[in-house]
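Take a look at the fold below. The text then walks through the helices, their packing and their charged pairs.

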Amino acid sequence: MDIIKKGFGNCLKTTRKIKNLTQEKLAEKIGVNLRQLARIEAGESFVTSETLFKICSALEVSPKILFNFDIHEEILDMIYGDS
């Protein structure tokens with residue numbers, strides 16, 4: 001489960017940044033506190049189905065975008081280079 005939580009958190013963080021939203025703004029939009037969102041992005045916590053729906057609505061993406069771990073690694077490589 002840790003791999004899924006980490007992968008989801010990375011995808012969420014990347015997508016949030018692409019959408020030009022701060023953690024604070026996204027947390028406000030989905031009705032969770034900032035600390036909880038930070039824990040989700042860090043892979044320390046996972047979302048409920050209700051929170052997943054709210055995140056997808058706020059980011060205007062489908063859940064499959066947030067679970068497509070491979071594509072997000074490619075995006076990060078394009079942005080930051082292969083290190």
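Predicted model: local features only at pLDDT ≥ 70, side-chain atom pairs only at ≥ 80, totals over all residues.

Residues are numbered from 1 along each chain as its sequence is written, and side-chain values use heavy atoms, with hydrogens and water left out.

Start with the overall layout. The protein has six helices and zero strands. Its elements run α-α-α-α-α-α from the N terminus on. Helices here are DSSP runs of H or I with at least four residues, strands are E runs of at least two, and both are numbered from the N terminus. Of the 83 residues, 34% are buried. Buried means under 20% relative accessible area, exposed means over 50%, and partly exposed lies in between (1.4 Å probe, protein chains only). The accessible surface comes to about 5300 Å², and 54% of that belongs to carbon and sulfur atoms. Areas come from the Shrake-Rupley method with a 1.4 Å probe; for residues, only the protein chains shown count as cover. Among contacts between residues at least 6 apart in sequence, 64% join residues at least 24 apart. A contact means heavy atoms within 4.5 Å.

Now turn to H2, residues 23-30. Leu26, Ala27 and Ile30 are buried there. They cover an arc of only 100 degrees around the axis, which puts them on the same side of H2. The arc is taken over the directions from the helix axis to the C-beta atoms. H1, H3 and H4 are among what covers these buried residues of H2.

H3 has a buried face as well. Its buried residues include Leu37, Ile40 and Glu41. Seen down the axis, the buried residues of H3 fall within an arc of 95 degrees, so they line one face of the helix. They pack against H1 and H2.

How do H1 and H3 meet? Two packed helices are described by the angle between their axes and the distance between the axes. The axes of H1 (residues 2-18) and H3 (residues 34-41) come within 7 Å and cross at roughly 115 degrees. Axes are lines fitted to C-alpha atoms, for helices over the stretch in contact, with angles from 0 to 180 degrees between N-to-C directions. From H1, Lys5, Phe8, Gly9, Asn10, Leu12, Lys13 and Arg16 meet Leu37, Ile40 and Glu41 of H3. These residues divide into four nonpolar, two polar and four charged.

Charged pairs come next. There are five salt bridges, each a side-chain nitrogen of Lys or Arg within 4 Å of a carboxyl oxygen of Asp or Glu. One of them joins Arg16 and Glu41, with the closest N and O atoms 2.6 Å apart. Arg16 lies in H1 and Glu41 in H3, so the pair ties together parts that are 25 residues apart in sequence. Both Arg16 and Glu41 are buried.

Another salt bridge links Lys5 to Asp2, at 3.6 Å between the closest N and O atoms. Both lie in H1, three residues apart, about one turn of the helix. Lys5 counts as buried at 16% relative accessibility, whereas Asp2 counts as exposed at 53%.

In H4 (residues 49-59), Glu50 and Lys54 sit four residues apart, about one turn of the helix. Their salt bridge has its closest N and O atoms 3.3 Å apart. Glu50 counts as exposed at 51% relative accessibility, and Lys54 is partly exposed at 33%.

Notes:
Nonpolar A, V, L, I, M, F, W, Y, C, P; charged D, E, K, R; others polar.
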